[in-house]
Amino acid sequence: MSKKLYRSVNGDYLYLFNWTSGGFNDVWAPNKAAALKQIRKEFPDGKLTVNEKTLRRCTYEEYQAQNRLGWMMSI
């Protein structure tokens with residue numbers, strides 16, 4: 001049985017992704033194409049490029065695991 005994907009009250013999915021230069025982030029979007037468009041809109045200068053192979057919808061547990069990793073990397 002697969003776990004339930006994490007969705008907002010608007011029905012958008014939470015997409016996790018990695019940057020090609022290292023690091024990671026997330027974005028809310030209804031689908032993968034919209035997620036890529038939103039990422040490019042938020043980071044238009046081209047200094048950060050999304051690794052499209054890593055762009056994926058996640059479960060709440062996967063989101064929490066990424067947050068823990070980010071927190072551990074910052075201390």
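Me: Which residues does Leu55 touch, not counting residues up to four places away in sequence?

Reply: In this predicted model, Leu55 belongs to strand β3. With residues up to four places away in sequence left out, Leu55 is in contact with Tyr15, Leu16, Phe17, Lys32, Ala35, Leu36 and Ile39.

Me: Is Leu55 buried or exposed?

Reply: The relative accessibility of Leu55 is 5%. A residue is classed as buried under 20% relative accessible area. Leu55 therefore counts as buried.

Me: What distance separates the C-alpha atoms of Leu55 and Trp28?

Reply: Leu55 lies in strand β3. Along the chain, Leu55 and Trp28 are 27 residues apart.

Me: Is Thr54 buried or exposed?

Reply: Thr54 has its place in strand β3, which covers residues 50-57. Its relative accessible area is 16%, and the class of buried residues is set at under 20%. Thr54 is therefore buried.

Me: What is the C-alpha separation of Thr54 and Asn10?

Reply: The place of Thr54 is in strand β3. Thr54 and Asn10 are 44 residues apart along the chain. The separation of their C-alpha atoms is 24 Å.

Me: Where does Thr49 lie?

Reply: Thr49 is partly exposed, with a relative accessible area of 39%. Helix α1 spans 32-42, and Thr49 is placed in the loop between α1 and β3.

Me: How far apart in space are Thr49 and Asn18, C-alpha to C-alpha?

Reply: Asn18 is among the residues that Thr49 touches, together with Trp19 and Thr20, when residues up to four places away in sequence are not counted. In sequence, Thr49 and Asn18 are 31 residues apart. C-alpha to C-alpha, the distance between Thr49 and Asn18 is 8.7 Å.

Me: In what order do the elements of the chain run from the N terminus?

Reply: The secondary structure consists of two helices and three strands. Read from the N terminus, the order of these elements is β-β-α-β-α.

Me: What radius of gyration does the chain have?

Reply: The chain's elements are two helices and three strands. For 75 residues the globule rule gives 11 Å, and the chain comes close to that value, so it is as compact as a globular protein of that length. The radius of gyration of the chain is 13 Å.

Me: What share of the contacts with a separation of 6 or more comes from residues 24 or more positions apart?

Reply: Of the 75 residues in the chain, 24% are buried. Among contacts with a separation of 6 or more, the share from residues 24 or more positions apart is 50%.

Conventions. Residues numbered from 1 in each chain as written. Predicted model: local features only at pLDDT ≥ 70, side-chain atom pairs only at ≥ 80, totals over all residues. Heavy atoms only, no water. Helix = DSSP H or I, 4+ residues; strand = E, 2+ residues; numbered from the N terminus. Rg over C-alpha atoms; globule rule 2.2 N^0.38 Å. Buried < 20%, exposed > 50% of the residue type's maximum accessible area, 1.4 Å probe, protein only. Contact = heavy atoms within 4.5 Å.
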